[in-house]
Amino acid sequence: MIARYPYGIALAAGGISATGFAPLNFWPLAIVMLGLWMAVLFQAQSRKSAFFIGWLFGVGHFVIGLNWIATAFTFQAAMPEWLGYVAVVLLSLYLAVFPAIVALAAYVIGKDRPWAFILATAGMWIITEWLRSWVFSGFIWNPLGSVLVQLPILSWSAAWIGTYGLSGFAVLLAGGVFYEIMRRAAAEAQTGNRNRLRYGALAALAYIAFSLAMTWDRGDSSEAEAQITVIQPNIGQQDKWKAGYEEQNLAKLAELTRREDERPRIIFWPEAAIPDYLETGYPPRYYYGRPPEFVRQQLATLMRPGDVLVLGALKLEFDEAEGRAVGARNSVFAMDSERQLLGRYDKAHLVPYGEYLPMRSLLSAVGLSRLAPGDFDFWPGPGPRSLDLGKFGKVGLQVCYEIIFSGQVVDRDNRPNFIFNPSNDAWFGSWGPPQHLAQARLRAIEEGLPVIRSTPTGISAVIDANGTVTDSIPMGQAGRIDGRLPTAKSATVFARYGNTLPLGLAVVLLISAIAIAIRLRPR
């Protein structure tokens with residue numbers, strides 16, 4: 001049956017494999033489907049067929065896994081809702097090229113040589129995920145390794161080999177399924193010993209990963225002294241920018257923020273928490289009667305002495321000659337209880353079509369606009385930066401989906417004590433927020449740093465340096481988290497060397513695959 005319907009099976013296996021991601025978390029099913037796809041691919045009749053089998057798997061995988069993107073279009077009156085589903089399919093058709101490249105390379109290297117085929121598939125999967133993180137600005141949502149974040153015994157290895165290396169390990173696990181399928185299909189008793197040998201090799205790899213995880217310095221898991229308050233106001237996207245809702249939305253934030261406890265704390269508000277500007281120096285007409293001094297005073301009334309408020313807000317960029325705004329920054333500000341700004345971070349990795357419009361002159365002419373409201377584009381910041389919060393230590397900032405980019409979330413020359421990831425997941429439907437949370441957990445493991453998430457509608461969370469969610473607020477609920485900031489670990493191996501490690505692992509896997517293929521080639 002596998003040989004008779006390879007394309008249909010590849011498409012179905014790809015779609016079903018996406019159930020391994022949050023919120024369904026059917027990770028064993030994802031591994032089985034990946035193994036089934038490998039069995040179909042191994043029996044491809046040509047390179048063209050192998051490429052198409054890989055591409056179809058990717059189409060199913062991404063269409064199901066990224067279905068939440070369609071929800072974003074329901075918040076943009078300038079675009080029809082049906083366009084959201086078209087966008088999901090079109091994006092998936094492009095992203096599917098990466099599994100197709102994996103399939104072609106694995107087929108060429110490992111044709112008729114199962115062990116070489118598995119190693120090549122794992123090595124190429126690592127490389128193509130890394131490519132997916134930066135080609136055409138990058139979109140690495142749902143790396144395969146995130147299906148294993150539910151398994152600490154495996155996910156801890158991300159501190160050594162990163163998320164992309166963890167994805168390669170998922171492929172190696174699927175190799176066991178592939179061998180079982182091929183063994184049963186061939187029904188050759190003489191292959192039993194060889195299969196047992198190869199299963200033993202896979203078990204050895206699993207044991208090595210487990211040993212690395214167990215010997216990894218997990219640091220002190222006790223809580224730090226810093227008090228924190230994480231706010232989730234449950235302000236939906238439909239109400240966020242609606243005229244006349246500014247005071248109502250601020251009242252929700254204020255009600256959740258006020259506290260009688262006099263111990264100094266860090267207060268975390270979501271991305272773009274307020275529509276007001278906090279910096280001085282703009283032409284008065286841009287403040288709409290709410291100058292920054294007034295706004296900061298209003299915010300300070302919610303704070304106790306010694307508190308620090310970290311919140312998302314916008315910064316404008318001006319053409320000085322014309323005296324008008326020509327761009328904006330999606331920023332995070334830190335402000336103390338004395339109304340002083342302690343620093344600002346500008347989001348560096350912007351969302352195409354969401355925060356800026358590529359080929360603006362062309363696409364605007366045909367009626368397409370950004371999903372986010374506004375007359376001009378956001379401008380990117382310089383990259384990861386740590387802000388000094390005084391007695392609370394240093395915070396690394398990553399706004400919204402910036403947190404998904406493995407190895408790109410921390411200033412390695414100025415390592416922070418924790419990462420704050422303000423986000424607006426109200427765009428993301430029911431599947432997007434838990435997937436976002438899963439990827440933030442991987443960043444905590446990789447960097448050995450706690451991650452704090454504050455979103456308008458959920459899921460807000462406190463994640464310790466082991467990637468464990470210690471507290472959270474569910475989607476669609478208003479609430480707050482009061483507690484202590486988890487401690488950071490010493491810098492992990494991945495934190496020191498970044499994606500050099502998974503790429504090095506990929507090279508080792510590919511060289512091993514080629515060596516095995518050459519050794520087993522008929523003389």
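Aromatic pairs and salt bridges in a predicted model

A search of the whole structure finds 21 aromatic pairs. This is a predicted model, in which local features need pLDDT of at least 70 and side-chain atom pairs count only at pLDDT 80 or more, while totals for chains, interfaces and linings use all residues. Residues are numbered from 1 along each chain as its sequence is written, and side-chain values use heavy atoms, with hydrogens and water left out.

User: Why is the aromatic pair of Tyr282 and Tyr287 called stacked?
Analyst: Rings of Phe, Tyr and Trp (its six-membered ring) pair if their centres lie within 6.5 Å; planes under 30 degrees apart count as stacked, over 60 as edge-to-face and the rest as tilted. Tyr282 and Tyr287 are 5.6 Å apart centre to centre, with 5 degrees between the planes, and the pair is stacked.

User: What makes the pair of Tyr286 and Phe318 edge-to-face?
Analyst: The angle between the planes is 85 degrees, and the centres are 5.1 Å apart. Planes over 60 degrees apart count as edge-to-face, so the name applies.

User: Where in the chain do Tyr286 and Phe318 lie?
Analyst: Tyr286 is in the loop between strand S2 (265–268) and helix H13 (292–300), and Phe318 is in strand S3 (residues 308–319), 32 residues apart. Helices (H or I, at least four residues) and strands (E, at least two) are DSSP runs, numbered from the N terminus.

User: Which residues form one aromatic cluster?
Analyst: The cluster is formed by Tyr277, Tyr282, Tyr286, Tyr287 and Phe318.

User: How do you know that Arg290 and Asp276 meet in a salt bridge?
Analyst: A salt bridge is a side-chain nitrogen of Lys or Arg within 4 Å of a carboxyl oxygen of Asp or Glu. For Arg290 and Asp276 the N to O value is 2.8 Å, so the pair qualifies. Both residues lie in the loop between S2 and H13, so the pair ties together parts that are 14 residues apart in sequence.

User: What separates Glu446 and Arg443 in helix H15?
Analyst: Glu446 and Arg443 are three residues apart, which means about one helical turn. The closest N and O atoms of this salt bridge are 2.8 Å apart, and both residues are buried.

Terms used. Buried < 20%, exposed > 50% of the residue type's maximum accessible area, 1.4 Å probe, protein only.
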